[in-house]
Amino acid sequence: GVVVVANANVHKLDVQTVQRIYTGKVIEVAGVPVAPVNWHVGQSARQRFLADYLQQNEDNYLAYWTVRRYVGKGVPPREVGSVAEVINYVLSTPGAVAYMDEADVPASMNVVLRK
């Protein structure tokens, strides 16, 4: 399955908080500014994350962010394309939040939510 991982300065999260982070409605958790990252459009981890955690499909999620950007309510999370990019980003960026296949998570990663 897909799990949510984060920088060491981010503590456990619940599904609602993850939903709010990935829809731009929460920009900090417990005083820590969050920096979410998404996989590129079409990648299987992204599709499973959107379905399992956000209850959305790709089209709805992209449309949501198109409207938010248009009305000046933020920009979607930056996108990455590989496991190595996710790991590097999360480990080196304070407040980073990402998701990845549980099988790809190194033992040193901070898993903050598992469904």
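A salt bridge is a side-chain nitrogen of Lys or Arg within 4 Å of a carboxyl oxygen of Asp or Glu. This is a predicted model, in which local features need pLDDT of at least 70 and side-chain atom pairs count only at pLDDT 80 or more, while totals for chains, interfaces and linings use all residues. Residues are numbered from 1 along each chain as its sequence is written, and side-chain values use heavy atoms, with hydrogens and water left out.

**Stop 1: helix 2**

Select residues 44-53, which form helix 2. Helices (H or I, at least four residues) and strands (E, at least two) are DSSP runs, numbered from the N terminus. Colour Ala45, Arg46, Phe49, Leu50 and Tyr53, the buried residues of this helix. Buried means under 20% relative accessible area, exposed over 50%, and partly exposed in between (1.4 Å probe, protein chains only).

Now look down the axis of helix 2: its buried residues fall within an arc of 130°, so they line one face of the helix. The arc is that of the directions from the helix axis to the C-beta atoms. An α-helix has 3.6 residues a turn, so residues three or four places apart point the same way.

Move on to glutamine 55, which follows helix 2 and has a positive phi, near 50°.

**Stop 2: arginine 46**

Which residues are linked with Arg46 in a network of salt bridges? Select Glu58 and Glu79 to see the other members of this network.

Begin with glutamate 58, whose side chain meets that of arginine 46 in a salt bridge at 2.7 Å, N to O. Glutamate 58 belongs to helix 3 (residues 58-70) and arginine 46 to helix 2, so the pair ties together parts that are 12 residues apart in sequence. Glutamate 58 counts as buried at 14% relative accessibility, and arginine 46 counts as buried at 1%.

Then select glutamate 79, which forms a salt bridge with arginine 46, the closest N and O atoms being 3.0 Å apart. Glutamate 79 lies in strand 5 (residues 78-80) and arginine 46 in helix 2, so this pair ties together parts that are 33 residues apart in sequence. Glutamate 79 is partly exposed, with a relative accessible area of 33%.

**Stop 3: arginine 48**

Select arginine 48 and aspartate 101, which form a salt bridge with their closest N and O atoms 1.8 Å apart. Aspartate 101 is in strand 6 (residues 96-101) and arginine 48 in helix 2, so the pair ties together parts that are 53 residues apart in sequence. Aspartate 101 is partly exposed at 22% relative accessibility, and arginine 48 is partly exposed at 32%.
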